[in-house]
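Q: I have a structure open here and would like to talk it through. Could you start with the packing and then move on to the ligand?

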Amino acid sequence: MKSVKELNPAIIEIIEDAIKAPSGHNTQPWKFEVDEMRIIIKPDFARSLKVVDADNHALFISLGCALENLILSAKAHRFNPSVTMNFTNDKNEISIALSKSEIDQKDALYDYISMRQCTRSAYEAKSVEESILRQLRDSAINEDTEVIFITSKTEIADLESFIVEGSNLQFNNRQFVNELVSWIRFSKRSAEKLRDGIWSASMGMPGIGKRIGSVIMKHLVSAQSEARRWKKLISKSAGFALFISNKNGRENWVRLGQSFQRFALTATQLKLKHAHVNMPCEENPVRQKIIQHFNILNDKQPLLLIRFGYGEVMPYSFRRSVEEVLVNYQNG
Ligand SMILES: Cc1cc2nc3c(=O)[nH]c(=O)nc-3n(C[C@H](O)[C@H](O)[C@H](O)COP(=O)(O)O)c2cc1C
């Protein structure tokens, strides 16, 4: 196998930017291959979340987020990225061919890749001006994805019941809690060592270690305490964005991920924080109620629910290195 050192340094930087993307529970469910001036993104099913994401839609959304970062980075490195998706039968490949570009086509969103984060704290209960909302709305549009913005008090009150119902189903499900706990890193040492999963500090929890952290999550956190926490977080949010895919399918999920990533970067550029409140989309009985409530037609699927508002930066989560995700090159 060839050594990473033989690679064009720009290719390494582009993959480094791609893997700063968000992913469910920070599983980083991706593998990369490089073939001359072509980068291929593939799913790493060993990192799938079998309970909360049984059909892998969140996994493919995460690949879409990485793809969008990769495109922005390729352009900033003066390449033209040409994307081909191959999701026929058991093929799962996103191939990006890079050709040299003579013109500078850097997108302003590129500068926010490292600054973006999923901010899980309570926000400042401050509304967002219409002109800012418009920019956020425009950022998230692509031909496969629709986004509904929910900003009025009555609409948010309706949403609260769906969020609490989804959270109750999840926190009464032992398998869900066990899977979540297995991806929480309860100390800085383990977060730094493993470089994946959700670092407890990014959830606003002190570093208490795996044993105590697991006991708290499995025995003290309950559906009721989660519902109380969510009601507070909802009341402090300026609004919500519901991401809807044209239909269920791997390519559609990737496209939704691209749309969400542009939203997340635009929010960062506009000094807004955002975080996931996906439970109503993840739990099928509640998803069906959302479909009815918002009159979502023709097989379209609501897949991500995001809260946003103004707030403080939280500690950043970690990422594995390029060497760990690049499968056809070896370190050294
Ligand atoms: C498809 C997808 C689903 C996610 N679902 C949730 C979720 O349900 N709850 C949550 O707190 N964060 C969720 N996240 C956010 C991730 O946990 C977060 O991206 C990851 O921990 C890395 O942190 P960062 O985004 O701050 O870099 C999700 C992210 C993606 C891309």
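A: Leaving aside neighbours within four places in sequence, Ile15 is in contact (heavy atoms within 4.5 Å) with Phe32, Val34, Ile39, Val322, Val325 and Leu326. This is a predicted model, where local features need pLDDT of at least 70 and side-chain atom pairs count only at pLDDT 80 or more, while totals for chains, interfaces and linings use all residues. Residues are numbered from 1 along each chain as its sequence is written, and side-chain values use heavy atoms, with hydrogens and water left out.

Q: Which residues have the most contacts inside the largest nonpolar core?

A: They are Ile15, Phe32 and Phe263, in a core of 57 residues. A nonpolar core here is a set of buried (under 20% relative accessible area, 1.4 Å probe, protein chains only) Ala, Val, Leu, Ile, Met, Phe, Trp, Tyr and Cys residues joined through side-chain atoms within 4.5 Å.

Q: And which helix gives the most to this core?

A: That is H2, with 10 residues; helices are DSSP runs of H or I with at least four residues, numbered from the N terminus.

Q: Switching to the ligand, which residues come nearest?

A: Arg116, Cys118, Arg120, Asn278 and Arg319 come nearest, of the 17 residues around the ligand (a heavy atom within 4 Å).

Q: What does the side chain of Asn278 do there?

A: An N or O atom in the Asn278 side chain is 2.9 Å from a nitrogen atom of the ligand, and a backbone N or O atom of Cys118 lies 2.8 Å from a ligand oxygen atom.

How values were computed:
A polar contact is a pair of N or O atoms within 3.5 Å; within protein, one must be able to donate a hydrogen and the other to accept it, and residues adjacent in sequence count only if both atoms are side-chain atoms. Buried means under 20% relative accessible area, exposed over 50%, partly exposed in between (1.4 Å probe, protein chains only). Helices (H or I, at least four residues) and strands (E, at least two) are DSSP runs, numbered from the N terminus.
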